[in-house]
Amino acid sequence: MTIEDPASTTAPTRSRRRPVILVTSIVLAVLVIAIGALVAVNHVAGQQKTESLAALKEQRLNALGDARGKVQPAANAYLAAYKKARNAPASRDQAVQDSQKEKDEFQQATGNARSALQELKSVNGSSESAVGVAVQQLVESHEDYFDYMEGLVESYPQFEGLFRDDDAAGCNGLFVGSKAATLRERQTLLAQAAAPCRKAAADLKDSKNNAYVEFARTFDNNVADLEERAEVTAKGEENYAGFVRLKDDLVKRADEAEARNAPEAEVQKIADDAKAVNAQIRTNRSEFDFAAKRYLAGVKEMPSTVENVFATEIAADIKHFDAVIPAREQILKDTIDVELTNK
Amino acid sequence: MESGRGSSRRTGIIVVAVVLALVAGGFGAWFAFLRPTGVQRADVERLDKQRGIVDSSMNLYDPLLEEFTARYTNVVAEEEDEQAKEQVFNRESDLIKRESAANTGRLDAMAASPVTQEAEIAEAFRRFKDQYGAVIAYNDQRLINTANITRSVGGPCARLHKDLNVSGGNYAQEYVTTADSCLLALAGAKDKADADTVQLLGGIEEVIKGQRAKQQEVLDATDDLARLAKRTTAGVALLEINEALNKVRTTYEEAVKASSTKLVDDANASNAELERLLKARLATFDAAGQEGK
């Protein structure tokens, strides 16, 4: 009973082994198919990635470069057209209308450049990879540049009109020197001109173009300084009239004291008062001179502060973009090259 | 009958299994043997290109720092609103910080190349990584130095020679008050600044402190005659202030120039050495290719 027939045991074992073999082969088959699929997908994906990187380098970057190259000439054309219209002469609104064509063309140019940038951005979304980082840096530099140029164009009528006779800003009203009979009058005229002018400067501080913004900050402070100095000089002039009265009074008192042979103490008192008035006159004089000198310097500097915006500041900013953007482009191209070098 | 059918099905299954195993083994072999192993020519080419990218990336620091200085100087000098200053500072400094992060990432990517493990390359690469890492760190420090100098010297200290009336009656009092806020700003600016910059700020501090003391003497003088005398000495000392400040500034500029020149020279040398070795390594592949033909 204890010894079993060997034949009876082998049959169930065999039938139990069959599904094991079946499962094993299915697993193997699935594994092989999976590996095959993985290799194929990998290969195709790699191929696609290579192609898209090559396209990025060859086509999209060139397209972006071409589109970007049209932005600055379009901006220059607009600035020239607007200025010409304004010099015609024409009002600000009229000049805006007359330069509408150039403005449209500029917007067209930046629009194209921005969509070329968008195309490039869509190719490589991941900011983790080396190419992603280089794309990101290139995109940011371009966006800064486009914002800058848009701000340059959009805020130009504001900037250009600051010193025009027919403009609401009326900053040329700041140059009141010859129109005023007294320094108080100068101060009043200046304050009247400064209010709308500083308002216009404050508006310019919201520009997308930092050259205008920085100019507006400096200019606003310069005008504030002018106002302060106009007040000091006006006050100084008024004080001076008072000092003349005081001095006349003292002279009268001294003559009188001498005539009636006044006691020593009274004469001494008059001398002390005279000394005090003299000190006041000196202080007044020094404050007046300081303010007057700086008022004149402020007025004299103003035209060059305005001129420097285009002559120095904007020229320097554009030089900056001209240095950074091509460098970013080259780095992106080289980074793509690294990626394309066969593994 | 039953056992015969079973054995043929078993044979079929075994055949299928063996075929599958062979196919799988084939893939294994393809992965193991046909896929290139060790350092390939392409690896060296890639590393050499990465080296060029890191090197040319360094050229961007100068324009970016100039941009930072221009934007920040204007807002510090002309704007009273702290938030506006903060905004400009954050935006411009963030740009440079991300620049450095990208450059550090590029160096790390190079370190991951198998080529840098090779004995003859490893040492040159280590030097390259150290030198360029130092250039990156130096530019990060330049950002801090520039910001600190702008905030103090271009901030409260600028008023000392811009807004005060030297011949005014209360010049001494104004000078002392303004100098105190300037000195406070200078002391704060030393925080996180490098040794050269701390020396610059300390030098300016000395000059301003000296002037402040002289103006304080004017204030402390009890009688008019003594005050006049003190005022005259302080006025004469004021004439020397520019010379003293220029000396401090020149010393600083020379120190900065010397240290940056050394850094750039060292980086260039390590770059040239790594480039030479990588080109030599490429030549070994060319030689091997020639032999094969």
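## Helix axes and a first pair

A helix axis here is a line fitted to C-alpha atoms over the stretch in contact, and angles between N-to-C directions run from 0 to 180 degrees. This is a predicted model. In chain A, take helix α7 (residues 183-204) and helix α8 (210-259). Their axes come within 9 Å and cross at roughly 165 degrees. Angles over 145 degrees count as roughly antiparallel. α7(A) and α8(A) are therefore roughly antiparallel to each other.

The crossing of α7(A) and α8(A) is left-handed. Their contact has 15 nonpolar residues, two polar ones and eight charged ones.

## Chain A overall

Chain A is helical, with nine helices and zero strands. Its pattern along the sequence reads α-α-α-α-α-α-α-α-α. The radius of gyration of chain A is 41 Å, whereas a compact globule of 343 residues would have one near 20 Å. Along the principal axes, the C-alpha atoms of chain A fill a box of roughly 165 × 70 × 30 Å.

## Domains of chain A

## Chain B overall

Chain B also has a helical make-up: nine helices and zero strands. From the N terminus, its elements run α-α-α-α-α-α-α-α-α. Its radius of gyration is 34 Å, well over the 19 Å that the globule rule gives for 293 residues, so chain B is more spread out than a compact globule. The C-alpha trace of chain B spans about 135 × 50 × 25 Å along its principal axes.

Chain B is divided into domain 1 (1-35) and domain 2 (42-292). The C-alpha centres of these two domains of chain B lie 71 Å apart.

## Where the chains meet

Contact between the chains involves 35 residues of chain A and 34 residues of chain B. On the chain A side, four helices each supply at least two residues: α1 (6-69), α5 (130-154), α8 (210-259) and α9 (264-340). α9(A) gives the most, with 14 residues. The chain A side has 15 nonpolar, 13 polar and seven charged residues.

## α8 of chain A with α3 of chain B

α8(A) pairs with helix α3 (residues 61-78) of chain B. The axes come within 10 Å and cross at roughly 25 degrees. Angles under 35 degrees count as roughly parallel. α8(A) and α3(B) are therefore roughly parallel to each other. Their crossing is left-handed.

Which residues meet here? From α8(A) come N210(A), E214(A), R217(A), T218(A) and N221(A). From α3(B) come R71(B), N74(B) and E78(B). This contact has no nonpolar residues, but four polar and four charged ones.

## α5 of chain A with α4 of chain B

α5(A) pairs with helix α4 (residues 82-111) of chain B. The axes come within 11 Å and cross at roughly 160 degrees. That makes α5(A) and α4(B) roughly antiparallel to each other. The crossing is left-handed.

A130(A), V133(A) and Q137(A) of α5(A) meet A102(B), G105(B), R106(B) and A109(B) of α4(B). By class, the residues of this contact are four nonpolar, two polar and one charged.

Towards chain B, α5(A) supplies at least two residues, and some of its residues meet α4(B).

α8(A) also has two partners in this account. Inside chain A, α8(A) runs roughly antiparallel to α7(A).

Terms used:
Residues numbered from 1 in each chain as written. Chains lettered and ligands numbered in written order. Predicted model: local features only at pLDDT ≥ 70, side-chain atom pairs only at ≥ 80, totals over all residues. Contact = placed C-beta atoms within 7 Å. Nonpolar A, V, L, I, M, F, W, Y, C, P; charged D, E, K, R; others polar. Domains from an automatic or database assignment. Parallel < 35°, antiparallel > 145°, perpendicular 65-115°, else oblique. Left-handed = near helix turned anticlockwise from the far one by under 90°. Rg over C-alpha atoms; globule rule 2.2 N^0.38 Å.
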